[in-house]
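Please look over the sequence and the model, then read the points below.

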Amino acid sequence: MKHQDADVLVIGGGHAGCEAAYAAARAGAKTLLLTLKLSDIGVMSCNPAIGGLGKGHLVREIDAMGGLMGLAADHSGIQFRLLNRRKGPAVRGPRTQSDRVLYRRAVAEILASQGNLRVVEGEAAAFSREGDEIRGVRLANGAEINASAVVLTTGTFLRGTIHIGMQSHAGGRIGDPASHMLADQLREMVSGIGRLKTGTPPRLRKDSIDWNKTELQQADTNPAMFSYLSDRPCVEQIACGITHTNEKTHEIIGNNLARSAMYGGKIQSVGPRYCPSIEDKVTRFQDKASHQIFLEPEGLTSDLVYPNGISTSLPTDVQVSYVRSIAGLENAVIAQPGYAIEYDFVDPQVLDHGLRLKDVRGLFLAGQINGTTGYEEAAAQGLIAGLNAAFAATGRQAISLARNEAYIGVLIDDLITRGVSEPYRMFTSRAEFRLSLRADNADQRLTPKAQELGLITEERRAKFSAKMALLEQGHALLRSSDATPSEIAAHGIDINQDGRRRTAEALLSFPNIVFEKLEPIWPALQVIDPGTRDQLTIEALYAHYIWRQQKDVESLQKDERLVIPDWVIYSEIGGLSAELTIKLERVRPPSIGHAARIDGMTPAALTLILAHLRRGTRESA
């Protein structure tokens, strides 16, 4: 048998696995990425798209930490759009439709260029263990890989089952086998394993669509890129189509619900609430006469189109019928039927903030195995798990991101404190500090931390330093430029005549005041470049709100610093409900702030825990 050694072994070559391996290698660990097929590294199993509301924030943060997803998205993006452009900057979300082939190629090239990293083909069959510590894996062919830390990123492959109507078969995704050997061992090692589901729509042949009957959605003329290293798209930009279901579509689906895997009783697990199947939409929203469908090409040279909005587990013949009832799709040819897939996941409450299993040393989990859905959520977890695996293997201190630092921190904190009852998807509404956690300032928040950890290239360091120097100069110019209300009003700006001098920065905080209105008063502002102007305007607009928010952060951090010692036994705290006691014993929150975010926690229960801590402290004294 062949033995291989690594500091960090990453199992799975999807979005979580690629980001984990790239992060671990950048952190200085000798890293090995194990995948079933080399050709599937970075494959986009579902829609070839990156970003969106909340999700785009995650990608910007991954990039700010030196990750690969943003770069791969920029190298493969064929339709960049900034969602919520007309709303405030805090809730705008960059998104791109990607070329499936170009994205996979970009990921492979980025990984190949990284030192300390090797990609190998094989199937992990069993963990190698020494007591409660994972020391590597044995492959299906008998070979062994030894590692100081293992990151498991199995996506939908753990005991995956594909459903098309009443027909089911094992599979991690269409055309690929499920993982059963590893799943069985994991069930023996870890408590709280359950089942979730997700789904995908049928893929359509591009030339079978009548595009004249659809509305065309063009790419942005001023595209928002994902990586802070990118200035413009790398490939041709294209339009997507928009069409809608109708009453005939809904009638066909309604008449065949009993043949759907979900409604016919074949599927018992829960799917993503915010990305429902077309069967769910028709059943749950019976007052709606139609549902929007985005016809998204899968690439510049691909003949496939992804009809975003009609994922399904209906049988193929019904899929053909309801698809052909839709305007523009009357003659559509289905190249691959839609399907639902069920898979094992691990209750993320058994993890710590570094995504390490609390009761199994050396094992980290990232991606859909932790109950999330989406490429971006998976990659964000991969980044943190990969870094912490590398730090554990090389004797460095683990890291985590707080809720007030990053959406990545919100994501992980939500998972490990609240668990999941359905696949978790990121939204801006999940972040209580979203005014400061914007997509535009992810590098300002996180690149200094990444630099301290030694994770970024010289190119990124130089570009970030140059940006910060321009912002600093811009701030200084805005703050040193002031005028009286009468001087300001003389240039056509409506201002309260209270005699108080105001700076250019103060004026920028007004919603309708832009640089162009300030330049006649202070011509020196003309030297500030457009990109720096945009950032300064956003920062001025939010300055007062962020100051107030910082006070909330400071209050939160006081709670976070109230450590709950290991000696606490929650069953000994009188007055706690049985349900809360079980949750607290399972999660073992490290602080009062962490305990406060557990589902079902009440102010009264927190008071009981605090009183117990005070008694215990007095007794120990």
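This is a predicted model: local features need pLDDT of at least 70, side-chain atom pairs count only at pLDDT 80 or more; totals for chains, interfaces and linings use all residues.

Residues are numbered from 1 along each chain as its sequence is written, and side-chain values use heavy atoms, with hydrogens and water left out. Helices (H or I, at least four residues) and strands (E, at least two) are DSSP runs, numbered from the N terminus.

**Nonpolar cores**

- A nonpolar core is a set of buried Ala, Val, Leu, Ile, Met, Phe, Trp, Tyr and Cys residues joined through side-chain atoms within 4.5 Å; buried means under 20% relative accessible area, exposed over 50%, and partly exposed in between (1.4 Å probe, protein chains only).
- The largest nonpolar core contains 109 residues, and L34, F127, L186, L363 and I408 have the most contacts inside it.
- Helix α9 (residues 375-393) gives the most to this core, 11 residues.
- Apart from this core lies another, of 19 residues, with L257, L295, V305 and L329 among them.
- Contact means heavy atoms within 4.5 Å; leaving out residues up to four places away in sequence, L363 touches F127, I134, V150, L152, L186, M189, L355, R356 and L357.

**Helix α9**

- In α9, 17 of the 19 residues are buried, so the helix is largely enclosed by the rest of the structure.
- The expected span of a helix is 1.5 Å times one less than its number of residues; for the 19 residues of α9 this should be 27 Å, and the end C-alpha atoms are 26 Å apart, which agrees.
- Just after α9, G395 has a positive phi of about 75°.

**Six-stranded sheet**

- Two strands pair if DSSP finds at least two bridges between them.
- Six strands form an open sheet in the order β14-β15-β16-β17-β13-β18, and the pairing is antiparallel.
- β14 and β18 (334-336) are the edge strands, each pairing on one side only.
- Four of the five residues of strand β15 (residues 240-244) are buried, so β15 is largely enclosed by the rest of the structure.
- β15 is joined to strand β14 (residues 215-217) by three bridges, and to strand β16 (residues 292-297) by four bridges.
- I242 in β15 is the bridge partner of E215, and I242 also stands opposite F294 in β16.
- Strand β13 (residues 203-205) pairs with strand β17 (residues 304-308) in the antiparallel sense over two bridges, with L204 opposite V305 in β17.

**Four-stranded sheet**

- Another open sheet has four strands in the order β11-β10-β19-β12, with antiparallel pairing.
- Its edge strands are β11 (167-170) and β12 (193-200), each pairing on one side only.
- Strand β10 (residues 161-164) and strand β19 (residues 339-346) are antiparallel and paired over three bridges, and H163 stands opposite A340 in β19.

**Helices α2 and α11**

- Helix α2 (residues 55-64) packs against helix α11 (residues 442-452) at an angle of about 35°, with the axes 8 Å apart; axes are lines fitted to C-alpha atoms, for helices over the stretch in contact, and angles run from 0 to 180 degrees between N-to-C directions.
- R60, E61 and A64 in α2 meet A442, D443, R445, L446, T447 and A450 in α11.
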